[in-house]
Amino acid sequence: MRFGVLQFPGSCDEVDALQAARRVGDAELIWHAERDLGGADAIVVPGGFSYGDYLRAGAIARFSPAMESVIEFARDGGLVLGICNGFQVLCEARLLPGALLPNTNLRFIFRQVDLDVVAPDTPFTRALGGLTRLSIPAKHSWGRYYADDSTLDELERRGQVVLRYTSGHNFNGSLRDIAGVSNEAGNVFGLMPHPEHAVDALTGGSTDGLTIFQSMRLAVEEGVHV
Amino acid sequence: MSEGAADPRSGTPRSSPPEARVSDNATPPTVEDALALGLTRAEYELVREHQGGRAPNQVELAMYSLLWSEHCAYKHSKKLLRTLPTEGEHVVMGPGENAGAVDVGDGLVCAFKVESHNHPSAVEPFQGAATGVGGILRDIFAIGARPIAVLDSLRFGEPSSSRSRYLLDGAVSGIAHYGNSIGVPTVGGEVYFEAPYEQNCLINAMALGLAPRERLVRSAAAGPGNVVILFGASTGRDGIGGASVLASAELGDDDSDKRPTVQVGDPFEESKLLECSLELLEAGLLVSLQDLGAAGLTSSASEMASAGRVGIDIDVSLVPLRESDMEPFEIMVSESQERMLCVVEPARVPDVLALCERFEIHGTAIGAVTDTLRMRVFDGPELVGDMPVSALVDDCPLYDLAPARSATPVYAPAPATLALDASARACLLALLASPNVASRRPLFEHYDAIVQSRTVRRPEQADAAVLAIHHPGEEVRAAGDGVDADDGPAIPALAVSIDCNGRRVAADPYRGTIAAVLECASNLACVGAEPLGTTNNLNFGNPEKPHVAWQLTESVRGLGDACRALDAPIVGGNVSLYNETSSGPIYPTPVIGMVGRLPDARNAGRLGFARAGDTVALVGPFAPSLHASELSKLRGHPLPDELPEIDVAGVRSAQFAVRGAMRVGGLSSAHDIAEGGLATALAECCLAGGLGVDVWLDSFVCDDGDGDEDDPFRTFFGEGPGGFLVSGISTGVRALGRRTHVRVIGTVCSDALSIRLGDISLSATLVELAEAHGALAELFPC
Amino acid sequence: MRARVLIRPKAGILDPQGAAVERALPALGFAGVANVHVGRLVELDVEDSSQLQSMCERLLANPLVEDYEVQLLS
């Protein structure tokens, strides 16, 4: 199982994502200027402040050569995980529906949050083993999920809402407490909290985040993309 | 290329023509200009002597005035600082470099330092604090270490002041913006609110980094003929402000925005600069490296030359500029951020420039190392400044202080907010809600404390931050699929704390400073760490005033004695003086930062109670006093004339005992008793653990207990170094008695705090404690 | 040719920056302020002004959540 973790100028958590992925399989960094995804079975678009969040978070990163390859990869059914800034990049690239806006209170907040698993049978959640609630750190100032009402209704109807903030844990104002969504085909998934920071009991407060990487490996091994 | 300067492209020194004339830059500056720049008449005359009897020109005067400023030259503090202990078995790099460093095992060193950015932050708190973080991070990677953590130490006036709230909000946002964006976690810190800081806020930032020992680099320039390369952001007019008296052109009123005093930071640029610098060092391409901080190119180039006992030629026409029409003195004095200076052998110059380009940052050869022992500034072919390096850097006059204790109180007491007859319970809730004690969560939630995946103890989880030295993932991969094996190899870690109670130092500069150092080490002990080294930022008022000179002298004496007693030498630090206005000086505030090591992060201590039924004990010297305590502040009492004597040896033994017990997993929790005393510490342990506690005290719990004579409030709320609150299974707790005084005082229970002493009892539910403790939330409105 | 692009949050989407400014102005003594929205300004020299709309659609604005207005300055 080989993960490719993108790296943009200004990425912060790409090394954390790399190390989390390495607990589950092989993983390499892919520099934003590279088109070659190195034969990765799954791509992780990590957190940070790619291009300084200039203009809009993720707006510039989505046009990098690596992202162009990722868009093709996703269209072919490859697994793509977007974390925090990565989620923003995937929305800007229109691989995921909706948009991320500044937190309602306009502040950066770092907090360990509880997430309800709404869709337990996706390539990103299938190895949760009965876990219905995840404890994962979130840290961002630009994480309010937005889509118009009809889109939100569609997402819910089609099971594309994968994770919701548990009641009282939504600090950014995301509509319908949405913390993570997938595309219609189910092979692209983005979330604002950081599962790569919840893979080790000593530093993560929990190991719940590891289950997301494990799910991806399971999906690849079973040949289930889309 | 200029006539006299060494050629930066090839490094070939050219012989300078005899009598290279320094251009006059139109009308030469006057003595009045020198005074406006902060030099004294006597200093100006000394400058003239160093310049061979002639008046310094524009460039020269600008450079001397900066390098001879208090900030750069430590005129009033250097002699005192020389008395501090700086050597120790773990010290790899001591004071004098960009940062200090200690050996942490496995071939690695930890670089660390604290610095202040007080004055700029009072002008613009967001950028002042942000660039303060940027600057201290550069100091860390300038010696070759990768920054792994930041801590902040802040002081403002009381939160009732809207200006103080504004400064707090700006500073926290600025620190968050810079640290979060560059991907370095902010893992700890402290903030105090006291009236003496109202006009002079304090923004101190500490950073630590890790490096393989071989990658450590010094700043001394070396090798006449070597090339000086400037890399990073382009140069603009940031920070020039005060030097604008030297401008050749007349400035109209609408030109004031051309000479900003505020430096603006770009963490995105610094992130690239960091990677580029470390890559340059890894590739062995650099002879030396220095960051540009206060006084920009002036201090950077001069200090590199001085350290290496060489000369340096700089051609300002080669410096990449952000603004047009910058004069040579402006280029030399600019404090534009995110820039570094390095010395490179001529043959390696193309590699260095290519690497800079790969990281998308400017890299430009702007000068050369010479053997002239002079700092020469060229503007193309024209020599515009020529000064002896030693005069600039080493021969600034140093001043003796004339310390004299003030006969009358210097600081007014805070207005009383708590009645003298308030009940113990009311006092506890008031203390928990007071700005110096309440939870800092509304503040530290702005900080990413976990990026880089090293953080084992986050803010409010323990008395010190704990960071794994190696990424935990590296250990675990060997163990197998996502397993965090308890029987796996030990995970060595660093612990770090930053502390100072300025009010206690104001009461007694000698003992108050010792207390600050002890507290820092006690915080480390609570997580199981042993101190390796210390850094300090001395924030004081005007040293030319006798009582401030007395504060500074006594404080440094205490700092030295405490560091010697704890074997925690000073590896570097910073001094910030003149923090005062017509309403008086700040509290003397020697901020102490300490780094320690613990052998296994899996046993890192926590401050919260862990289990109902655990035994709770008070450990170590405990001679609490209400003098200079938080309670006495709330009651409106003035500062005492001195603090009680400290049993340093006793505190040291207690630290040893707690540390040792924590390392073997013998305790569930440990917390140092500080502001608010024993009752407050108990409440904090309850809140952190989500559990209650049942405590019975008698007044003999105090080492100097008087029995019936005692004021129970002294026992509950008195302060003083040395006391620890620990919890755990009974045998584990009592085992500490081999090394230090242990008094079992109660048991952890489920949901309420209850403390009894004779007839007096106080109790509160967790909900009530939490509500009081959350008082700072209103300072950060949404 | 110099162009100016004004980017605004779409009506109906919560604009906390606008709300914050709307609260702050009266606190400074300015009465009668309402309906504040905060957006972004991009100014650029372009050779072919017909490309501006495409620039807005693809990069300068996020059409899902933002409206944009192009002004050609002489």
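The dialogue below goes from the chain contacts to a sheet and then to helix pairs.

Q: Where should I start, and what kind of model is this?
A: This is a predicted model. A friendly place to start is with the chains and who touches whom. Two pairs of chains touch, and the pair A and B has the most contacts. Chains B and C share no contact, and their closest C-alpha atoms lie 9 Å apart.

Q: How many residues of chain A and chain B are in contact?
A: In general, the size of an interface is often given as the accessible area lost when the parts come together. Here we can count residues instead: 28 from chain A are in contact with 32 from chain B. On the chain A side, α1 (14–22), β6 (109–117), β7 (133–140) and α5 (201–204) each supply at least two residues. By class, that side of chain A has twelve nonpolar, eight polar and eight charged residues.

Q: And which classes of residue does chain A present to chain C?
A: The side of chain A that touches chain C has six nonpolar, two polar and two charged residues.

Q: Now to chain B. How is it divided into domains?
A: The assignment gives domain 1 (31–78 + 217–393) and domain 2 (606–782) in chain B. Taken over C-alpha atoms, the centres of these two domains of chain B are 51 Å apart.

Q: Can we zoom in on one strand pair?
A: Take β17 (residues 530–539) of chain B, which runs parallel to β18(B) and is joined to that strand by six bridges. As one example to find on screen, N537(B) has N574(B) in β18(B) as its bridge partner.

Q: How do I read a helix pair, say α7(B) and α8(B)?
A: Look at the angle, the axis distance and then the residues that meet. Helix α7 (residues 125–142) and helix α8 (residues 162–182) of chain B pack at about 40°, with axes 7 Å apart. The two helices α7(B) and α8(B) are therefore oblique to each other, and the crossing is right-handed. Among the residues that meet are F126(B), V133(B) and L137(B) from α7(B) and L167(B), I175(B) and Y178(B) from α8(B). The contact of α7(B) with α8(B) divides into eleven nonpolar, eight polar and no charged residues.

Q: What angle do α14(B) and α25(B) make?
A: Helix α14 (residues 424–433) and helix α25 (residues 766–773) of chain B pack at about 45°, with their axes 7 Å apart. That angle makes α14(B) oblique to α25(B). L429(B), L432(B) and A433(B) of α14(B) make the contact with E768(B), L769(B), A772(B) and H773(B) of α25(B). By class, the residues of this contact of α14(B) with α25(B) are five nonpolar, one polar and one charged.

Notes
Residues numbered from 1 in each chain as written. Chains lettered and ligands numbered in written order. Predicted model: local features only at pLDDT ≥ 70, side-chain atom pairs only at ≥ 80, totals over all residues. Contact = placed C-beta atoms within 7 Å. Pairing = 2+ DSSP bridges. Helix = DSSP H or I, 4+ residues; strand = E, 2+ residues; numbered from the N terminus. Nonpolar A, V, L, I, M, F, W, Y, C, P; charged D, E, K, R; others polar. Axes fitted to C-alpha atoms, helices over the stretch in contact; angles between N-to-C directions. Parallel < 35°, antiparallel > 145°, perpendicular 65-115°, else oblique. Domains from an automatic or database assignment. Left-handed = near helix turned anticlockwise from the far one by under 90°.
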